[in-house]
Amino acid sequence: MIKAVRGTRDLLPPDTALWNFVENATRDVFRLYNYREIRTPIFEQTQLFARSVGEETDIVSKEMFTWEDRGRAESENTQSLTLRPEATAGIVRAYIEHDLNRTGLLQRLYMIGPMFRRERPQKGRYRQFFQIDAEVIGPPTAGSESPSVDAELLEMLATFLERIGITGCTLELNSVGCANDRPKYNEALRAALAKDLDKMCEDCRRRAVTNPLRVLDCKVPEDQPIIAKLPRMLDYLDESCRQHFQAVRDLLAAVNVPYVVNARLVRGLDYYTRTAFEFTHGALGAQNAILGGGRYDGLSESLGGPKAPGIGFAIGEDRLVLALSKTAEELSTPPDAYIAPLGAGMDREAARLARELRKRGIVVELGDESFRLKKSLETASKIGARYAVIVGENEVKANAFALKNLATGAQVTVPRAELADKIRQ
Ligand code: HAM
């Protein structure tokens, strides 16, 4: 038997009701902050991710699904393509490609869709997973660098999580500095690493030279005592980054969004500057980051675009659904009525009636004239319908139908014109 590929999974009903609940709440809450939807392709040129997420990151160096795509014609060059491992790079590419900077306004964008990373699958970690991603990007004149943008985005996340009933999340906040202070910090890291480097893993030894910040991201247990003693970025922030971070903290306090500063928080992607954050959740075990994000003030320029600072986040929708306290059954809506055609020729009448009821907003499942009444009523109960409507020859002649309440067993005859209202009651 052919099975779903390792690390991918089928989302089946009734569980999809949980996903719909989360996505509907996303659209409702994000709308209140004037976010609008963007949809970008599922695959992009490999270069895009290498240049934005960073060659040295685990994502780009180990986890991407990449292939060489041959052009159809002999003359076309092959190009390297990659299934998107995250959404920010594609959104910023689209921002540049469609010159959204020309509006002079902040673009508040969101996207819901699948991402792909070749990670070792476990609970909460899949090779195809879903993200709810949001980005705020714009020219500096639109206020895109302002700490109030950061604070508003974090407040929106707190509101969203509360709205869907997720409690017990911690907002972990850090500042990872900017192009101005990063070189000094990198030097400090290299100096601190120099004496212990021979005890560290191969990746760390290489990264200490190429991109020392990535050492902080190392997961190898033996390296952790060394990493714990390394200098903290927060101590190397220049004055403008320090003030920016303080302003974000003040605004969060003003809107009552609790957080903890985690000076060890480095995100697994290279484009971040200044504010970086994660929301972690205790109930999720090892994969406890329910979402992560931060600022990327230089990303657009590094991709050849205009100066367009931004900040964003991505929620791991799979993990969010795991953390929900609501159950799929609670959120599933059974049909209002099951229509039971009784006897030869009644399928046509039942179909007509179903169409009328659905036009009035009644959720209807249609039976089949070959079923005996007993089977129809059993089916109606199994699917959780509140009512069965019996459509037999006598009912059609009288233009009034037997309406059976499946919870109480009570049955009444209702004229056609009153049926929808009666079912809705
Ligand atoms: P990220 O931290 O790589 O950030 O991913 C965001 C979230 O996606 C994680 O916190 C986690 O919940 C979920 N996630 C990541 N990998 C997996 C996986 N293999 N299985 C299930 N869930 C996963 C980004 O992707 C950035 N683009 C976020 C961002 C947007 N920064 C600025 N704007």
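**Cysteines, sheet and helix packing in a predicted model**

Cys 218 is buried, with a relative accessible area of 8%. In this predicted model, the cysteine sulfur closest to that of Cys 218 belongs to Cys 204 and lies 3.6 Å away, which is too far for a bond. A disulfide requires the two sulfur atoms to be within 2.5 Å. Cys 241 is likewise in no disulfide, the nearest cysteine sulfur being that of Cys 178 at 3.4 Å. Because its relative accessibility is 1%, Cys 241 counts as buried. The structure as a whole holds zero disulfides.

Asp 217 is located in the loop that connects α7 (202-210) with α8 (224-228). With a relative accessible area of 13%, Asp 217 is buried, since the limit for a buried residue is 20%. Apart from neighbours within four places in sequence, the contacts of Asp 217 are with Val 266, Arg 267 and Gly 268.

An open sheet is formed by eight strands, arranged in the order β1-β5-β6-β11-β10-β9-β7-β8, with mixed pairing. Its edges are β1 (36-37) and β8 (260-261), each of which pairs on one side only. Helix α5 (residues 147-163) packs on this sheet and touches β5, β6, β7 (169-175), β9, β10 and β11. The direction of α5 makes an angle of about 20 degrees with that of β11.

Within the sheet, β6 (residues 128-137) is mostly covered, eight of its 10 residues being buried. Strand β5 (residues 107-116) pairs with β6 in the antiparallel sense, over 10 bridges. In this pairing, Met 115 has Phe 129 of β6 as its bridge partner. Strand β6 is also joined to β11 (residues 310-316), by seven bridges and again in the antiparallel sense. Here Asp 133 stands opposite Ala 314 of β11. Elsewhere in the sheet, β9 (residues 273-281) and β10 (residues 289-295) run antiparallel and are joined by six bridges. One of the residues involved is Phe 277, whose bridge partner in β10 is Gly 293.

A further packing arrangement involves two helices. Helix α2 (residues 46-54) packs against helix α4 (residues 88-97) with an axis separation of 9 Å and an angle of about 105 degrees. Angles of 65 to 115 degrees count as roughly perpendicular, and α2 and α4 are therefore roughly perpendicular to each other. On the α2 side the contact is made by Leu 48, Phe 49 and Ser 52, which meet Ala 89, Gly 90 and Arg 93 of α4. Classified by residue type, this contact of α2 with α4 comprises three nonpolar, two polar and one charged residues.

Gly 409 lies in the loop between β15 (400-405) and β16 (411-415). At a relative accessible area of 35%, Gly 409 is partly exposed. Tyr 387 is 22 residues away from Gly 409 along the chain, and the C-alpha atoms of the two residues are separated by 9.4 Å.

Methods. Residues numbered from 1 in each chain as written. Predicted model: local features only at pLDDT ≥ 70, side-chain atom pairs only at ≥ 80, totals over all residues. Heavy atoms only, no water. Helix = DSSP H or I, 4+ residues; strand = E, 2+ residues; numbered from the N terminus. Buried < 20%, exposed > 50% of the residue type's maximum accessible area, 1.4 Å probe, protein only. Contact = heavy atoms within 4.5 Å. Axes fitted to C-alpha atoms, helices over the stretch in contact; angles between N-to-C directions. Parallel < 35°, antiparallel > 145°, perpendicular 65-115°, else oblique. Nonpolar A, V, L, I, M, F, W, Y, C, P; charged D, E, K, R; others polar. Pairing = 2+ DSSP bridges.
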